[in-house]
Amino acid sequence: MGNSGNLPNPDKRNQTAQMKNLLIFLVDDDAMQNQMLRDHLASELDDATIEVMETGERCLAQLERKPDVVVLDYNLSSRQSSALNGLQVLEEIRIKHPSAEVIMLSGQDKLDVAVEIMKNGAFDYVVKSETAFLRVTSSIRKVMASRKLKRQLAATKRLVGFVIAGFVAIVAFCLIVWFFIPEWIPERRIRLGLD
Amino acid sequence: MVNTSTVLQLARGDRERAVSYVNAFLNGVEPQLTLLRESEANRDAAQIKRTAHSLKSQARYMGMSSVASHLERLEQLAAGESWPDGLSESTHEAIDMMEKAIGELRQFAES
């Protein structure tokens, strides 16, 4: 009695398997935000590799590493007005690495901003507040769950394709035998006077 | 001025982690306050807007909701093309509020 607290949590174990080899880019020009969110995600997502970048330009230059998730600040040009903003970076990611899911972080709790971001293909929009880190973590888990479902669907499609192909092959074989090798079938042999 | 339960919630109840977040904030905030002072002295509204925006999110994370609300108003006030009335006063008020909140956060980190 009383040692159940030491047992591995099956939910946590499943999440861990799900998060294996997950590559996350955190892109924000606020070093404090990056440090805190990185710390939070590292403790929540086992085996996730988290890379911090302070500019959108650096994120785009690193896209060839094919991140699974990009957590992107909307207002990336807050310190350097000539820097690419979050929306511009999002558009580039959608073109260059469309399979990456983008979670946009913003200090602005405005509906029109959220709509614009989602229209441009972001997976989620999170306002920087005391619940932001929990929401980002939850969003990343949704991304992974959605990918797992897609993988399962693709595997099911492959299996169904294999079964259909097998069935077609058997029917084709039977027809070939029936029409072209009648001597293999006793009834046909009799009917055709081969016996 | 500071609701430390916010930063504790952010750190999922881990006080040590919460203190590390507070220290990260304290290490980075002074240059931003200096920038705010200089921007006010130089009447650079665009820089005030950018700094207020950046500080606003940090203030929210640190449980400084009244400071964050003031910084949001400051950001909106500084968004215009020219130097609007009341921007100097509002900037000074934001700096005063930040300094008080920083004092409270230092006490939290040291206690």
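1. A helix here is a DSSP run of H or I with at least four residues, a strand is a run of E with at least two, and both are numbered from the N terminus. With that in hand, Ala169(A) sits in helix H6 of chain A. Please keep in mind that this is a predicted model, in which local features need pLDDT of at least 70, side-chain atom pairs count only at pLDDT 80 or more, and totals for chains, interfaces and linings use all residues. Residues are numbered from 1 along each chain as its sequence is written, while chains are lettered from A and ligands numbered from 1 in the order in which they are written.

2. Let's start with chain A as a whole. Chain A has 7 helices and 5 strands, and along the sequence they follow the pattern α-β-α-β-α-β-α-β-α-β-α-α. Of its 195 residues, 27% count as buried; buried means that 20 or more other C-beta atoms, placed from the backbone, lie within 10 Å of the residue's own, exposed means 12 or fewer, and partly exposed is in between. Two residues are in contact if their C-beta atoms, placed from the backbone, lie within 7 Å. Among the contacts in chain A with a separation of 6 or more, 60% come from residues 24 or more positions apart.

3. Helix H6 of chain A deserves a look of its own. H6(A) covers residues 132-180, and at 1.5 Å a residue its 49 residues should span 72 Å, which agrees with the 71 Å between its end C-alpha atoms. The expected span is 1.5 Å times one less than the number of residues. Buried residues in H6(A) include Ala132(A), Phe133(A), Val136(A), Ile140(A), Val143(A) and Met144(A). Ala169(A), by contrast, counts as exposed because it has 10 C-beta neighbours inside 10 Å. Its C-alpha atom is 56 Å from that of Asp28(A), a residue 141 positions away along the chain.

4. Now to chain B, where helices H2 (residues 15-41) and H3 pack at an angle of about 155° with their axes 9 Å apart. Axes are lines fitted to C-alpha atoms, for helices over the stretch in contact, and angles run from 0 to 180 degrees between N-to-C directions. H2(B) and H3(B) are therefore roughly antiparallel, a label for angles over 145 degrees, with under 35 counting as roughly parallel, 65 to 115 as roughly perpendicular and the rest as oblique. Their crossing is left-handed, meaning that the near helix is turned anticlockwise from the far one by less than a right angle, whereas clockwise would be right-handed. On the H2(B) side the contact uses Phe25(B), Gln32(B), Leu35(B), Leu36(B), Ser39(B) and Glu40(B), which meet Gln47(B), Ile48(B), Thr51(B), Ser54(B), Leu55(B) and Gln58(B) in H3(B). These residues divide into 5 nonpolar, 6 polar and 1 charged; Ala, Val, Leu, Ile, Met, Phe, Trp, Tyr, Cys and Pro count as nonpolar, Asp, Glu, Lys and Arg as charged, and the others, Gly among them, as polar.

5. H3(B) also packs on its other sequence neighbour. The axes of H3(B) (residues 45-61) and H4(B) (residues 65-77) come within 8 Å and cross at roughly 160°, which means that this pair is roughly antiparallel. H3(B) passes H4(B) in a left-handed crossing. The residues of this contact comprise 8 nonpolar, 2 polar and 5 charged. Among those meeting across it are Ile48(B), Ala52(B) and Leu55(B) in H3(B) and Val67(B), Leu71(B) and Leu74(B) in H4(B).

6. Met64(B) belongs to the loop between H3 and H4 of chain B. Is Met64(B) buried or exposed? Met64(B) is buried, because 28 other C-beta atoms lie within 10 Å. Leaving aside neighbours within four places in sequence, its contacts are Met1(B), Val2(B), Ala59(B) and Ala101(B).

7. Two backbone angles may be worth checking by eye. Most residues other than glycine have a negative phi. Asp47(A), in the loop between H2 and strand S2 (48-53) of chain A, has a positive phi of about 65°. Asp47(A) is exposed, with 11 other C-beta atoms within 10 Å. Arg12(B), in the loop between helix H1 (4-10) and H2 of chain B, has a phi near 50°. Arg12(B) is partly exposed, with 13 other C-beta atoms within 10 Å.

8. Finally, the interface: 14 residues of chain A are in contact with 15 residues of chain B. Helix H2 (residues 31-44) of chain A supplies the largest share of chain A's side, 5 residues. That side divides into 4 nonpolar, 6 polar and 4 charged residues.
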